[in-house]
Amino acid sequence: MRLISLALAAVLPGAALAQAGDVPAEAPRTLEYALHEDGRLVGAPTIRLEVGRTAALSVSGDYSLRVRIDRAEGAGGAPAFLVRSSLYRPAEPRWALVAQPSLTVREGEPTALDFATADGNRLSIGVTVR
């Protein structure tokens with residue numbers, strides 16, 4: 001079998017390159033966030049991010065988000081992604097972690113999570129992956 005593969009590689013060099021090449025990288029995704037505090041929209045930042053990467057962004061200067069997007073395993077139908085977020089708020093002497101929500105998001109379908117912070121504020125974080 002190995003001899004046949006080598007012979008085909010010699011005859012069809014394009015086929016050999018296709019087999020030997022890396023799997024093409026997945027296209028970067030746009031994450032559209034919406035952060036609400038006690039029913040008030042705090043900010044709606046958007047970021048373009050490669051799958052498997054982490055980035056940080058500011059939400060109106062009131063909050064900071066550290067986000068990571070990964071492909072969700074075993075998801076059928078529309079592509080699904082696991083979006084992990086760490087939400088920070090300014091506190092002396094540096095930023096304090098408020099929450100670490102993780103959402104499984106189907107591409108193009110807005111998904112949100114409502115929760116309460118330790119100080120009693122109601123937050124809602126929504127994300128759409130495009």
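**Close-up views of a predicted model**

**Figure 1. Overall order of elements in the protein chain.** From the N terminus on, the order is α-α-β-β-β-β-β-β-β-β-β-β. That makes two helices and ten strands. The model is predicted. Of the 130 residues of the protein chain, 32% are classed as buried. Among contacts with a separation of 6 or more, 37% link residues 24 or more positions apart. The exposed surface comes to about 8100 Å². Carbon and sulfur atoms contribute 55% of that area.

**Figure 2. The largest nonpolar core.** This core holds 24 residues. Which of its residues touch the most other members? They are Leu31, Tyr33, Leu65 and Val83.

**Figure 3. Contacts of Tyr33.** Tyr33 is one of the core residues that touch the most other members. Its neighbours within four places in sequence are left aside here. What does Tyr33 then contact? Gly43, Ala44 and Pro45 are on the list.

**Figure 4. The loop at Asp38.** Asp38 sits between strand S1 (29-37) and strand S2 (40-43). The phi angle of Asp38 is near 50 degrees. That value is positive, and the residue is not glycine. Is Asp38 buried, exposed or partly exposed? Its relative accessibility is 48%, so Asp38 counts as partly exposed.

**Figure 5. The loop at Ser60.** Ser60 lies in the loop that runs between strand S4 (54-59) and strand S5 (63-71). Here too the residue is other than glycine and phi is positive, with a value near 55 degrees. Ser60 has a relative accessible area of 48% and is therefore partly exposed.

**Figure 6. A cis peptide bond at Pro93.** Where is Pro93? It is in the loop between strand S6 (80-90) and strand S7 (95-99). The bond in view runs from Glu92 to Pro93. This peptide bond is cis. Its omega is near 0 degrees.

Methods: Residues are numbered from 1 along each chain as its sequence is written. This is a predicted model: local features need pLDDT of at least 70, side-chain atom pairs count only at pLDDT 80 or more; totals for chains, interfaces and linings use all residues. Side-chain values use heavy atoms; hydrogens and water are left out. Helices (H or I, at least four residues) and strands (E, at least two) are DSSP runs, numbered from the N terminus. Buried means under 20% relative accessible area, exposed over 50%, partly exposed in between (1.4 Å probe, protein chains only). A nonpolar core is a set of buried Ala, Val, Leu, Ile, Met, Phe, Trp, Tyr and Cys residues joined through side-chain atoms within 4.5 Å. Contact means heavy atoms within 4.5 Å. Accessible areas come from the Shrake-Rupley method with a 1.4 Å probe; for residues, only the protein chains shown count as cover.
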